[in-house]
Amino acid sequence: MIRRGALLLGLALGAALPAQAQSLDAVIAAALDHAPELAAARAREASAGARLDQARAERMPVVTLQGQVAAGRIDPQGFFGLRADNVNPRSAQLGTELPLFTGGRTAAATAQARAGVEAAQAGSEAVALELRVAVVRAYAGAVAARENANSYGRMVATLAEIRRQAGLRFQSGAGTSTEVAQAEARIAEAEAARAAALGQEQVALATLASLTGMPVQPDATLAPPPPPALARAAAVEQALAHNPALAAARRMAEMADAGVRAARAERLPVVGAYAEAATVRDQFFPGYKADTASIGLRARWTLFDGGRTSARQRGAEADRAERGAQTRATAAMVERQTIGAYEALRSARATYDAATKRVTAAAAALRGVRLEAQTGAQPMLAVLDAERESAAAEAARTEAAADMQVQAQVLTSMLGG
């Protein structure tokens, strides 16, 4: 609770002071702490843990105490010369029983419960990884949208100056009204792009607020993620070994296998050791007293149940076949998605590198066109087009950087974090 309070206070201060932005790691931590989906997954873990404790407890002895007390009247009808009389029948019994042989029922139930715990744990890991992807996607989207909005804002200011100069040239007779109109069209285009970027930023910030439970102010920039440390084949191998969705599917298959063993165990007898002590008063005739104690073995074996056990076993075997098929399907899906995430990250990195080169080339072209326009070698429209190309290149690089962050997190989630 102290850690959570400090984290929430830090985020609240960050929201109140725009200059104090939250890092991606801090926002992820806040989302993990806030997410109701993760809280539900952890509650399922606790429930599965309780079922495992219950299954293990079946191996322990059971001690019971029962009794009764009443008021009534007994009429022995003269038997043994006894007459009718009012009585207070009461009895008490203390007993304990220890299972000695259950035919594998207890072991199967424990195996099922243990697999359920591991499946629930894998489910929590999957939820946490999905949440991390959602946070990274929204965070990177917010940063990219803000950078694009700033870029288009600078473009609007530059184009406004170009429009002013075109207006002056038109007034002096050195330019045309077409140049002014073209500059105004480019300004409107840049303003529309800036408005779209600001809208995208607000959507991303709203998503982050929903994920963390409070307003978030992201950092101004995103550091490029490191390149994959594994080759593609090694990444697929790691995903097949550690992906939480596949781990959960495997645990569910183990539960189904244990269910088959439990169904088969229903055909075998159950044997337990017991010890009992009892006391009875006024039970059969007025003044009756009896105290008993016994120790021994107790067995139960169902010889005929109308086909219930056979039907249960067939159903359990069908469940096992289904879970096995689902596990194989999940493994194939994980392999495909891992390859897709690996190649998407590699493509995003190549796109980012190409976009960086495009930015450099567009900036150089813009400088050249501006100089040529000053000497009259290029028309004003060429400057406007160069400005638009430079802004588009900046936006492409920004979006490529955001996509690279998202794809890196997607691959990390496929590998099990």
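These legends go with several close-up views of one predicted model.

Residue numbers start from 1 along each chain as its sequence is written. Since the model is predicted, local features need pLDDT of at least 70 and side-chain atom pairs count only at pLDDT 80 or more, while totals for chains, interfaces and linings use all residues, and side-chain values use heavy atoms, with hydrogens and water left out.

**View 1. The largest nonpolar core.** Here are the 41 residues of the largest nonpolar core, a core being a set of buried Ala, Val, Leu, Ile, Met, Phe, Trp, Tyr and Cys residues joined through side-chain atoms within 4.5 Å. Buried is under 20% relative accessible area, exposed is over 50%, and partly exposed is in between (1.4 Å probe, protein chains only). L24, V27, V135, Y139, L208 and L411 have the most contacts inside this core. Two or more residues each come from α2 (24-34), α3 (36-57), α4 (105-172), α5 (177-212), α6 (232-242), α8 (308-374) and α9 (380-414); helices here are DSSP runs (H or I, at least four residues), strands are E runs of at least two, and both are numbered from the N terminus. α4 puts in the largest share, 12 residues. Look elsewhere and you'll find a second, separate core of 17 residues, with M155, L159, I187 and A395 among them.

View 2. The buried residues of α2 are L24, V27, I28, A30 and A31. They sit on the same side of α2, because they cover an arc of only 160° around the axis (taken from the directions from the helix axis to the C-beta atoms). Skip the neighbours within four places in sequence, and V27 is in contact (heavy atoms within 4.5 Å) with Q22, V135, Y139, L208, T212 and V216.

**View 3. The four-stranded sheet.** This open sheet runs in the order β1-β4-β5-β6, with antiparallel pairing; two strands pair if DSSP finds at least two bridges between them. β1 (62-69) and β6 (289-300) stand at the edges with a single partner strand each, so one side of each has no neighbour in the sheet. From one strand to the next, the twist averages 15° (axes are lines fitted to C-alpha atoms, for helices over the stretch in contact, with angles from 0 to 180 degrees between N-to-C directions).

**View 4. Bridge partners along the sheet.** β1 and β4 (residues 90-101) share eight bridges, and Q66 has Q93 as its bridge partner in β4. Next along, 11 bridges join β4 to β5, with P99 opposite G272 in β5. Finally, β5 (residues 270-281) is joined to β6 by 12 bridges; Y274 has G296 as its bridge partner in β6.

View 5. E97 and R298 meet here through their side chains, 3.0 Å from N to O. A salt bridge needs a side-chain nitrogen of Lys or Arg within 4 Å of a carboxyl oxygen of Asp or Glu, and the count by this rule is 19. E97 in β4 and R298 in β6 are 201 residues apart. E97 is partly exposed at 30% relative accessibility, and R298 is partly exposed too, at 33%.

View 6. R388 in α9 pairs with E189 at 3.2 Å, N to O, linking to α5 across 199 residues. R388 also meets D385 at 3.4 Å; these two are three residues apart in α9, which means about one helical turn between them. R388 is partly exposed at 32%, as are E189 at 36% and D385 at 29%.
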